[in-house]
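Welcome! Please keep the picture in view as you read.

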Amino acid sequence: MKKLFLYAAAALLVTVTASVGDQFHIGYSCPDLEDSFQLLLIDAAKKEAADQRVTFTVEDAREQVDLQLQ
């Protein structure tokens, strides 16, 4: 089960080799922040983003497609 979450986090984040001074930002539009599976994915992705020195932002779309597309 733990491997599943690690693979899911890896799917959310792309490891990029950057030169010094480059800053990367990844945004994730979550369908519903009340879903415990989504929260596990987000936690794993935040940890990986911190390890990779990438900014990771999560937005709650509250099950509204128009918010997920913005």
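Leu41 counts as buried, with a relative accessibility of 8%. Here, buried means under 20% relative accessible area, exposed means over 50%, and partly exposed lies in between (1.4 Å probe, protein chains only). You will find Leu41 in helix 2. Its C-alpha atom and that of Cys30, eleven residues apart along the chain, are separated by 9.9 Å.

Before going on, a word about the model: it is predicted, local features need pLDDT of at least 70, side-chain atom pairs count only at pLDDT 80 or more, and totals for chains, interfaces and linings use all residues. Residues are numbered from 1 along each chain as its sequence is written, and side-chain values use heavy atoms, with hydrogens and water left out.

## The overall plan

How many helices and strands does the protein have? There are three helices and two strands, and from the N terminus on they run α-β-α-β-α. These elements are DSSP runs numbered from the N terminus: helices are H or I with at least four residues, and strands are E with at least two.

Of the 70 residues in the protein, 23% are buried. The accessible surface comes to about 5300 Å², and carbon and sulfur atoms hold 55% of it; such areas come from the Shrake-Rupley method with a 1.4 Å probe, and for residues only the protein chains shown count as cover. Among contacts with a separation of 6 or more, 68% join residues 24 or more positions apart, where contact means heavy atoms within 4.5 Å.

Strand 1 and strand 2 run parallel and are joined by six bridges; two strands pair if DSSP finds at least two bridges between them. His25 stands opposite Thr55 in strand 2. Together, strand 1, helix 2 and strand 2 make a right-handed β-α-β unit. Right-handed means that, with the strands pointing away from the viewer, the path from the first strand over the helix to the second runs clockwise.

In a regular strand the side chains alternate between the two faces of the sheet.

## The nonpolar core

Which residues form the largest nonpolar core? Its eight residues are Ile26, Tyr28, Cys30, Ile42, Ala45, Ala49, Val54 and Phe56. Strand 1 and helix 2 are the elements that give two or more residues to this core. A nonpolar core is a set of buried Ala, Val, Leu, Ile, Met, Phe, Trp, Tyr and Cys residues joined through side-chain atoms within 4.5 Å. Leaving out residues up to four places away in sequence, Ile42 touches Tyr28, Cys30, Leu33, Phe56 and Val58.

## Asp32 and its surroundings

Asp32 sits in the loop between strand 1 (25-30) and helix 2 (36-52). Asp32 counts as partly exposed because its relative accessible area is 21%. The side chain of Asp32 reaches the backbone nitrogen of Glu34 at 3.1 Å. Beyond four places in sequence, Asp32 is in contact with Gln38, Asp60 and Glu63.

Gln38 is found in helix 2, and its relative accessible area of 11% makes it buried.

Arg53 lies in the loop between helix 2 and strand 2 (55-60). Is Arg53 buried or exposed? Arg53 is exposed, because its relative accessible area is 74%. Arg53 also has a positive phi of about 60° although it is not a glycine.

How values were computed: A polar contact is a pair of N or O atoms within 3.5 Å; within protein, one must be able to donate a hydrogen and the other to accept it, and residues adjacent in sequence count only if both atoms are side-chain atoms.
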